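Thanks for coming. I have one structure to go through, so let me put it on the screen.

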Amino acid sequence: MKDLFGNALLDYQNGNYSEDIITSTHISDEDVLPLPYLFREYKDMPKIEQKALKLCKGDILDVGCGSGSHSLYLQSKGYKVKVIDISKGAIEVSKQRGVLHAEVLNILDETETFDTILLLMNGTGIFQELTQVSKYLSQLKTLLNPGGQILIDSSDIKYMYEDEDGGFWMDMNAGYYGELDYFLSYKGEKESPMKWLYLDFETLKLACETVGLTCEMSMEGEHFDYLARITI
Ligand SMILES: C[S@@+](CC[C@H](N)C(=O)[O-])C[C@H]1O[C@@H](n2cnc3c(N)ncnc32)[C@H](O)[C@@H]1O
């Protein structure tokens, strides 16, 4: 991984903002991911993220924290928060912005336990593929204190396969429709292709049940997105 995402966060943080990140997937054209969005304040966050922050309790782990926006808000409310990310740049920026406990770490290598685990901005993306969901959910389960919760958002992206006549063009023989090949570029450089998973609520709920977790709909968003609350 070249960590172009982290480089972009570092540029923005250090006053060198000149370009946004460009993303695309195997089913969609190029899209702009504005860097200021990755530094959003509470008032600019989607309603489902605001809801997740309101539901937080106890010691918190923010997984895939990016620039640490959610955790900075939680810290300001007095919560003890740890942030982790596989992006060195993201962790550097989180520290520069004032996150007190930040570590470059893959969620699969985390060993501490928490009362709330947050995965936001399509948190299921980190699972990459449907076949890996059980592995990640089982790991997250081991990190929960008694009475703990996982707060995770995603979207049902079936709408991306809808044509103008209201029909769907998805290939039923292909894998799960939420599994995307995800491409990112920044300042003309291309990141290695990634897998990024969007999960509809029912599929997430079923996956939770298979590993002994309970999944409830906490809030539905404005565009096929939702926040789920997962407990043991
Ligand atoms: C879409 S960004 C979300 C950033 C942030 N949560 C936000 O809402 O602005 C996803 C983040 O997850 C991180 N990530 C991906 N896989 C991860 C893993 N296995 N463990 C920890 N972080 C991961 C990426 O480096 C990236 O910073």
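A polar contact, as I use the term, is a pair of N or O atoms within 3.5 Å, where, within protein, one must be able to donate a hydrogen and the other to accept it. Please keep in mind that this is a predicted model.

With that cut-off, the side chains of Arg40 and Glu49 are joined by a polar contact of 3.1 Å. Arg40 sits in the loop between strand E2, residues 28-33, and helix H2, residues 47-55. Is Arg40 buried or exposed? Its relative accessible area is 6%, so Arg40 counts as buried. Setting aside neighbours within four places in sequence, Arg40 is in contact with Met45, Pro46, Glu49, Ser69, His70 and Met121.

Now the sheet. Seven strands make up an open sheet with mixed pairing, and the order is E5-E4-E3-E6-E7-E12-E11. E5 and E11 stand at the edges with a single partner strand each, so one side of each has no neighbour in the sheet. From one strand to the next, the twist averages 20 degrees.

Inside that order, E7 and E12 run antiparallel and are joined by seven bridges. Ile150 has Ile230 in E12 as its bridge partner.

Next, the helices. Helix H3, residues 69-76, lies across E3, E4 and E6, and runs at about 170 degrees to E4. In helix H4, residues 88-97, the buried residues are Gly89, Ala90, Ile91, Val93 and Ser94. They pack against helix H1, strand E4 and strand E5. Just after H4 comes Gly98, with a positive phi of about 115 degrees.

Conventions. Residues numbered from 1 in each chain as written. Predicted model: local features only at pLDDT ≥ 70, side-chain atom pairs only at ≥ 80, totals over all residues. Heavy atoms only, no water. Helix = DSSP H or I, 4+ residues; strand = E, 2+ residues; numbered from the N terminus. Buried < 20%, exposed > 50% of the residue type's maximum accessible area, 1.4 Å probe, protein only. Contact = heavy atoms within 4.5 Å. Pairing = 2+ DSSP bridges. Axes fitted to C-alpha atoms, helices over the stretch in contact; angles between N-to-C directions.
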